[in-house]
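Colleague: Could we take one part of this model and go through it slowly? I would like a close, connected account of the strand pairing and of what surrounds it.

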Amino acid sequence: MRFALDQQQRDFAASIDAALGAADLPAAVRAWSAGDVAPGRKVWQRLAELGVTALAVPERFDGLDAHPVDLVVALERLGRWCVPGPVAESIAVAPVLLATEGQADRCAQLASGELIATAALLPHQPRAVDAGAAGLVLLATENGVSAAEPGRQHESVDPSRRLYDVAATGEVWQADIPRAYEFGVLATAAQLVGAAEALLHAAVDYAKQRTQFGRVIGSYQAIKHKLADVHIAVELARPLVYGAALSLAPREVSAAKAAAAEAGLLAARSALQTHGAIGFTQEHDLSQWLLRVQALRSAWGTPEAHRRRVLEAL
């Protein structure tokens, strides 16, 4: 059976690419890392205008109640452009945790883009990303979900993704926390596929320009094989992510995350080797994707943890 996106989904992805391609994301990421979230919030406002922030919000709360495949389409593009902020948490996880009548106002604010949320889910995701910049912090435990406040800040390998301890405040409500976890894993896997694609394209473009020993390095067979391996890894991970979006079965979601994480790591290594040391300097945009891949690999479960979950499910 051949799985393919329909024309509407491809057009949706193209509209996201067009909007983010004109938004100077590298500058927004650098500003977010320095504590200035204003440029990043403008990006989020544009995503809200495209309907991205409303995808997972139920229709009765002014959302689109879109299929998880549509969510993956969007999140892959957000990974491709390295959008700053709690992407998986606000766009995929929070709508599930807030899908109750008592949280209708917050759901509507999520859908409109007025509210950016982040979340911690114990024990899988003990810290919340960008809790200092988010308008709403959620904490989910075995007892339910509650609003929370950020505590101690921890530095991440990616300076644009600060991690926070959080403490519950206020009343507790019930939500489908296992489903929220699967959405967090799936959203992270989709971003990794998009980031790997961006790194591959950057490496290919650079290989056509950089010369060594009087030849463009892209003409060397070793470089061709290395970049072909990345292409294969991305194209193997992508259908796993979309297949997991169709089923939301824990085994398939974990398989998708593990494959996407390995594709992202291979893409990062190959892009860095192709560019040389310049690719890892702060001045070069490539470093943002390199660090983002490292951060997303362990977010919402490490590849090793997800491989164990697949093995246990078998």
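Modeller: Two strands are taken to pair if DSSP finds at least two bridges between them. The model is a predicted one, and in it strand β3, residues 136–141, pairs in the antiparallel sense with strand β4, residues 144–154, over five bridges. Among the positions involved, alanine 140 has valine 145 of β4 as its bridge partner, and the two strands form a hairpin that leaves two residues between them. On to the next strand: β4 is also joined, by eight bridges, to β5, which spans residues 163–173 and runs antiparallel to β4; here glutamine 153 stands opposite tyrosine 164 of β5.

From the strands we can turn to a residue of a helix. Arginine 292 lies in helix α10, which covers residues 286–298, and its relative accessible area is 4%, so that arginine 292 counts as buried, the cut-off being under 20%. If neighbours within four places in sequence are left aside, arginine 292 is in contact with Asp158, Ser160 and Arg161, and also with Val29, Cys82, Val83 and Pro84.

Conventions:
Residues numbered from 1 in each chain as written. Predicted model: local features only at pLDDT ≥ 70, side-chain atom pairs only at ≥ 80, totals over all residues. Heavy atoms only, no water. Helix = DSSP H or I, 4+ residues; strand = E, 2+ residues; numbered from the N terminus. Buried < 20%, exposed > 50% of the residue type's maximum accessible area, 1.4 Å probe, protein only. Contact = heavy atoms within 4.5 Å.
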